[in-house]
Amino acid sequence: MRVPVFPLAGALLFPRGHLPLHIFEPRYREMVKDAMAGDRLIAMVQPRDGAEPPALFDVGCLGHISECEALEDGRYNIVLEGLGRFRIAREAKAETLYRQVEIDRDAFDDSEDDEPLGIAQRAELEQEARRYADSLGYGVNWEAVSRLDDESLVNGIAQIAPLDVGSKQALLEADGLAPRADLLVQFMQFQRMAPGGADAAETIQ
């Protein structure tokens, strides 16, 4: 399966999740325009480095453009809905300004919801999330957070937490919701207690 790829550090899309994006670079404006004229699919992948073009991590998540607002100056506001993770088989030769990759979606089974977290694991995650948010000075509506289902809570924190690229990638590739929640708690604890505190944004590289 050949799809356009959007390399963006720190931006995670999960199956059944949503990722809002503001598209302003000319090459990615072209990408969105072409996607909207076709199957509305875009592959989200994190870059491994700061080179141009950057090397890509092998694993990403395929997204479907569920909402698209075309602005007068050519920019777009879009929302991607996660369809499932993939592994990059190879980069395709493309004449477009944006890059394209051939992906293997059979590498992951994201067709069904994960098993819910245990009561103790859910409580630990919420407790550490409170400590982490407090250390960053974030204002959070914890009553609303407590009403989220496990998948929305885990993946939502993974999306917005200011973790480094390596940690974000480990969360994306985690084999199941419970292992992802365990990793997330470890990363938040480590970053919160590291020199410089949570603002240091250093977990794993």
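Hi everyone, let me start with charge. This chain carries 21 positive and 37 negative side chains, and the centres of those two sets lie 3 Å apart. Please keep in mind as I go that we are looking at a predicted model.

Now the overall layout. How many helices and strands does the chain have? There are six helices and six strands. Following the sequence, you read the pattern β-β-α-β-β-β-β-α-α-α-α-α. The radius of gyration is 17 Å, close to the 17 Å that the globule rule gives for 205 residues, so the chain is as compact as a globular protein of that length. If you line up the principal axes, the C-alpha atoms fill a box of roughly 50 × 35 × 30 Å.

A few numbers on packing and surface. Of the 205 residues, 45% count as buried. Take the contacts between residues at least 6 apart in sequence: 65% of these join residues at least 24 apart. The accessible surface comes to about 10,600 Å², and carbon and sulfur atoms account for 50% of that.

On to the strands, and strand 6 in particular, which covers residues 100-104. Strand 1, residues 2-7, runs antiparallel to strand 6, and three bridges join the two. If you want a pair to click on, Pro4 has Gln100 as its bridge partner in strand 6. Strand 5, residues 76-92, also pairs with strand 6 in the antiparallel sense, here over five bridges. Which residue of strand 6 stands opposite Arg87? That would be Asp104. As a reminder while you look at these strands, side chains in a regular strand alternate between the two faces of the sheet.

Let me finish with some backbone details in the loops. The peptide bond from Glu52 to Pro53 is cis, with omega near 0 degrees. Pro53 sits in the loop between strand 3, residues 41-45, and strand 4, residues 59-70.

Then there are two arginines to show you. Arg16 has a positive phi of about 70 degrees, although it is not a glycine. You will find Arg16 in the loop between strand 1 and strand 2, the latter being residues 18-23.

Technical notes: Residues are numbered from 1 along each chain as its sequence is written. This is a predicted model: local features need pLDDT of at least 70, side-chain atom pairs count only at pLDDT 80 or more; totals for chains, interfaces and linings use all residues. Side-chain values use heavy atoms; hydrogens and water are left out. Two strands pair if DSSP finds at least two bridges between them. Helices (H or I, at least four residues) and strands (E, at least two) are DSSP runs, numbered from the N terminus. The radius of gyration is taken over C-alpha atoms; the globule rule is 2.2 Å times the number of residues to the power 0.38. Buried means under 20% relative accessible area, exposed over 50%, partly exposed in between (1.4 Å probe, protein chains only). Contact means heavy atoms within 4.5 Å. Accessible areas come from the Shrake-Rupley method with a 1.4 Å probe; for residues, only the protein chains shown count as cover. Lys and Arg count as positive and Asp and Glu as negative; His and the chain ends are not counted. The place of a charge is taken as NZ of Lys, CZ of Arg, CG of Asp or CD of Glu.
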